[in-house]
Amino acid sequence: MEFKAKQRKRHFIDVGLMALLLCFTSLVSAETKTPPETAAIKVKVITLDQLAFYPQRSAPAQVVSLNEPVISAEIAARVTALSVRVGDVVEAGAELATLDCRNYQLAGRIAGGTVRALDARKKLAKQRVTRVLELEDKQLVSTDLLEERQADLTALQAEHGSASASLQRAKLDESRCVVISPFKALVTERMSSVGQYATLGSALVKLIDLQQLEVSAQVSSQNAARLDAVQSFTFEHNDQPMALNLRHVLPALDANTRNRAVRLEFADKKALPGASGKLLWRDARPHLPAEVWVKREGQLGVFVLSNERAQFIAVSSARMGRANVVNLPNNTQIIIEGHYALQHNQRVQVID
């Protein structure tokens, strides 16, 4: 009986050891087996050209005229008429003022008479030279007489040239008795009066050129550096948009504002000189909205789809909570849903 009890006890011990060995073998096998790859995360994608937007920029702007001259008297004379009033729009060549021209008319007549007298004397001198040449060929006169007649002719020609210049100047002064507008312009100020004696350079009328207009704007240096890539510009005044063409970005910074001055020309419709408004344009660089940006390992970026995997593209200039610029091809597929849980190179499944 005792022997049988010992055998039964040994049998139970062997069964227990076998069970422990089987459990240990199962644990080792479970630890060494390669775990399956994480299931693909479902995401939605859209191409860059469909998602990107181009934010509108603006800057204060004003219409300026390239010409705002003060028209002055070019001769000394009394003002006999001022033909324009403040607010008048005059065409190029229109009469602005008239000056008393009698002194200059008389000077022109005197100069004309002098020229005509010299014409007669010069004609006579030429005839004398011709006759002396004929006699000199026959050796009937001396060489000294020929030289004297030629000297007389040369002196008269010089005197005639001076008199002709005096006549031209007298005619020019006479033409200045009527003051005309150099271009289509707006009269902004009358600076003289009828009966007033105008000296050389006295101000008569102030004008603003209505044709040569530009838009002047102050743009931050950062935005100004990228204006050459912008396709179109608009000047907005009183809710009226007007198309512009970029003429020049000045290569200098304003000492006070640190902005750069920009000059633009009207493409078609023009605003009035002095009109204030806004210069509008769209940034030429594609921006992605704030919702698609995520942070991984301390860097901001976006997830894009590549070979059924999510690729994280970091952008060093990006800022959290705002739209940021990207430099990617237009057909890049941007992940717009499911991206918050993604990691770089993780397998994804695209859903509609």
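**A close look at the salt bridges**

Guide: The count comes to 9 salt bridges, where a salt bridge is a side-chain nitrogen of Lys or Arg within 4 Å of a carboxyl oxygen of Asp or Glu. Before we go in, keep in mind that this is a predicted model, where local features need pLDDT of at least 70 and side-chain atom pairs count only at pLDDT 80 or more, while totals for chains, interfaces and linings use all residues. Residues are numbered from 1 along each chain as its sequence is written, and side-chain values use heavy atoms, with hydrogens and water left out.

Let's begin with R263 and E214. The closest N and O atoms of this salt bridge are 3.0 Å apart. E214 lies in strand β11 (residues 213–220) and R263 in strand β14, so the pair ties together parts that are 49 residues apart in sequence. Strand β14 covers residues 259–266; strands (E, at least two residues) and helices (H or I, at least four) are DSSP runs, numbered from the N terminus. From C-alpha to C-alpha, R263 and E214 are 6.5 Å apart in space.

The two partners also join through a side-chain polar contact of 3.0 Å. That term means a pair of N or O atoms within 3.5 Å; within protein, one must be able to donate a hydrogen and the other to accept it, and residues adjacent in sequence count only if both atoms are side-chain atoms.

How exposed are they? E214 is buried, with a relative accessible area of 4%, whereas R263 is partly exposed at 24%. Buried means under 20% relative accessible area, exposed over 50%, and partly exposed in between (1.4 Å probe, protein chains only). Leaving out residues up to four places away in sequence, R263 touches V64, L66, E214, V215, S216, L246, R247, H248 and L250, with contact meaning heavy atoms within 4.5 Å.

Next up is E74 with R176, a salt bridge whose closest N and O atoms are 3.4 Å apart. E74 sits in the loop between β3 (70–72) and β4 (77–82), and R176 in the loop between α4 (143–175) and β7 (178–180), so this pair ties together parts that are 102 residues apart in sequence. E74 counts as partly exposed at 47% relative accessibility, and R176 is partly exposed at 26%.

Then there is E337 with K44, whose side chains meet in a salt bridge at 3.8 Å, N to O. This pair links distant parts of the chain, with E337 in strand β21 (residues 333–337) and K44 in strand β1 (residues 41–47), 293 residues apart. E337 is partly exposed at 41% relative accessibility, as is K44 at 26%.

The strands holding that pair are themselves partners: β1 and β21 pair in the antiparallel sense over 4 bridges, given that two strands pair if DSSP finds at least two bridges between them. In β21, Q333 is the bridge partner of T47. Strand β1 also runs parallel to strand β22 (residues 346–350), joined to β22 by 3 bridges, and I41 stands opposite V348 in β22.
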